[in-house]
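Here is a short report on a protein model with its chains and their parts. Look at the sequence and the 3D view first, then read on.

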Amino acid sequence: MLNKRKKYLQIAFNRSLDEVKNMITMLPSSEKIIIEAGTPLIKRYGTRCITEIKNYWESNIGKPGYVVADLKCMDRGSREVFAVANAGASAATCLGLAPTDTINEFIRECSDVNIDSMVDMMNIQFPFEILQKLKKLPTVVVLHRGVDENERNKEKQLQLDQIHRIKGTYGNVLISIAGGETERDLVRTFFNDADIAVIWRAFYEKPDKSKELAEGFLSKIR
Amino acid sequence: MKTILNIIMSAISRLVTVQKDFAFIKKPKLLKREKYLHIALNNSLEEAYNIISQLPFSDRILIEVGTPLIKIYGTDAISKIKSMTPVGTYIVADNKCSDLATKEVEMMSVAGANAATCLGVAPIETIDSFIEECERYGIDSMIDMMNVDNALLVLKKLKKLPTVVMLHRGVDESEFSKEKQIPLYQIKQIKGFYSDVLVAVAGGDTIKEVQRAIFNNADIVVVWKNFYQADGDTAQLATSFLKEI
């Protein structure tokens, strides 16, 4: 489980499973790293990629590590959560844009099977409106600028101003920021009080440099 | 027994992959004047096999590899289900894309899908890129309007229209909020504005709802297990459905 007083670097993996294996083996053994099985990876290989990633990471750090299944659940909340929890995930994600019934069902099932719930606020202007409708809060709220948005529309910004607002209202929830890609983004993210920064592109583009990249990012986390 | 079945399946799948390279196998295409029954498979590959083996042969039946199957088995689910169906069957990959459209469309089309789905709630940039990629790979694009209040507003923002717009009430919604209705009036609204687009309706639980969708001019009706479980025999139901439309 995540520690509220710590900051985490979440690395999302989207290359082929063989490449991901090499990349994870290269990473520095740090508990500050969270490993994410990206949505394309799950859709390509199914839940077995979660189990394999979990094993690679465990053999790197010498104990079971934290693995997020980026399910981006939109319907059938409980069924999908059950499948990834069985495969060994420590957390799963649900879209904030999913029907409220689905998000509620997703959070309930996550707590039933004892994994963390993350609600991904991609394409949502006011995450508050979603949180207010929920029966129970998720473990983590992910503020997210999508990859396609990033590439095709440079004006859209990360909603760093929302971090304090959400934390001010809901003290217990952790905030993750996805969509920044540089060390500078990471520093800004943590300066604004986020708990988790999600990075993928640098690793996707230079898989051979996974070790150096991770060390660079980790050095920016206090 | 299971291993023998697996060997036969993989042999058929290889045969189908080889055949795909030959132009004489016609690619299934959706026609504007037809009505289609779209059967979604969501539970397991074994169950999918059971259902498929009971279905009558018809080019008006579309087979969907549901999101849970894709997330559990990966794109293998698509090629395996494709190998269970008669050659030329139209296969929909319900990948529910919400980002990284280029990558997902490529994966689904390489696995043998004839259509892929993207969420209507996804960023417009993603939907635009999804439709472009589908065209590039020669597969149909379906936009799933689950949890979208007004599908027309989404369509108006797009650079290009998708092949199919799917009006959809989710499973969780249907179970927990019985009062939510499938917005059938939107079918005519959409067709009034965009005559080229096909409209699919998903989320009906009863045969009555299916009839209502067709009556309201839907081109495709999506059904899944709850629907035919409640009404008994899958094959019989599909046959009577096809007769009716």
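Of the 245 residues of chain B, 49% count as buried. A residue is buried if 20 or more other C-beta atoms lie within 10 Å of its own, exposed if 12 or fewer, and partly exposed in between, with C-beta atoms placed from the backbone. This is a predicted model, where local features need pLDDT of at least 70, side-chain atom pairs count only at pLDDT 80 or more, and totals for chains, interfaces and linings use all residues. Residues are numbered from 1 along each chain as its sequence is written, while chains are lettered from A and ligands numbered from 1 in the order in which they are written.

**The barrel of chain B**

Chain B has twelve helices and eight strands. These are DSSP runs, numbered from the N terminus: helices are H or I with at least four residues, strands are E with at least two. The eight strands of chain B close into a barrel in the order β1-β2-β3-β4-β5-β6-β7-β8, and the pairing is parallel. Two strands pair if DSSP finds at least two bridges between them. From one strand to the next, the twist averages 25°. Angles run from 0 to 180 degrees between N-to-C directions, and axes are lines fitted to C-alpha atoms, for helices over the stretch in contact.

Helix α6(B) packs on this sheet. It touches β3, β4 (115-119) and β5 (140-144) of chain B, and its direction makes about 155° with that of β5(B). Two residues are in contact if their C-beta atoms, placed from the backbone, lie within 7 Å. Among contacts in chain B between residues at least 6 apart in sequence, 62% join residues at least 24 apart.

Now take strand β8(B), residues 220-223. Ile220(B) and Val222(B) point one way, Val221(B) and Val223(B) the other way, and all are buried. Four bridges join β8(B) to β1(B) (residues 36-41), and the two run parallel. Three bridges join β8(B) to β7(B) (residues 198-202), again in parallel. The partners below belong to these pairings.

| Residue | Partner in β8(B) |
|---|---|
| Ile39(B) | Val223(B) |

**The barrel of chain A**

In chain A, eight strands close into a barrel in the order β1-β2-β3-β4-β5-β6-β7-β8, with parallel pairing. Neighbouring strands of this sheet are turned by 25° against each other on average, direction ignored. Five bridges join β1(A) (residues 8-13) to β2(A) (residues 33-37), which run parallel. Leu9(A) stands opposite Ile33(A) in β2(A).

Helix α4(A) (residues 77-86) packs on the sheet and touches β3 (67-73) and β4 (91-95) of chain A. Its direction makes about 155° with that of β3(A). Is α4(A) mostly covered or mostly open? It is mostly covered, with seven of its ten residues buried. Among them are Arg79(A), Glu80(A) and Val81(A). The cover includes α3 (48-61), β3, β4 and α5 (100-112) of chain A, together with α3 and α8 of chain B. After α4(A) comes Gly88(A), whose phi is positive, near 110°.

**Helices side by side**

Two packed helices are described by the angle between their axes and the distance between the axes. In chain A, α1(A) (residues 17-26) and α3(A) pack at an angle of about 20°, with axes 9 Å apart. They are therefore roughly parallel to each other, a term for angles under 35 degrees; over 145 is roughly antiparallel, 65 to 115 roughly perpendicular and the rest oblique. The residues in contact include Leu17(A) and Val20(A) of α1(A) and Ile53(A) and Trp57(A) of α3(A). By class, this contact has seven nonpolar, two polar and two charged residues. Ala, Val, Leu, Ile, Met, Phe, Trp, Tyr, Cys and Pro count as nonpolar, Asp, Glu, Lys and Arg as charged, and the others, Gly among them, as polar.

In chain B, the axes of α2(B) (residues 45-54) and α4(B) (residues 76-84) come within 10 Å and cross at roughly 25°. That makes α2(B) roughly parallel to α4(B).

**Where the chains meet**

How many residues does each chain give to the contact? Chain B gives 32 residues and chain A gives 31 residues. On the side of chain B, α3(B) gives the most, with five residues. That side divides into 14 nonpolar, nine polar and nine charged residues.
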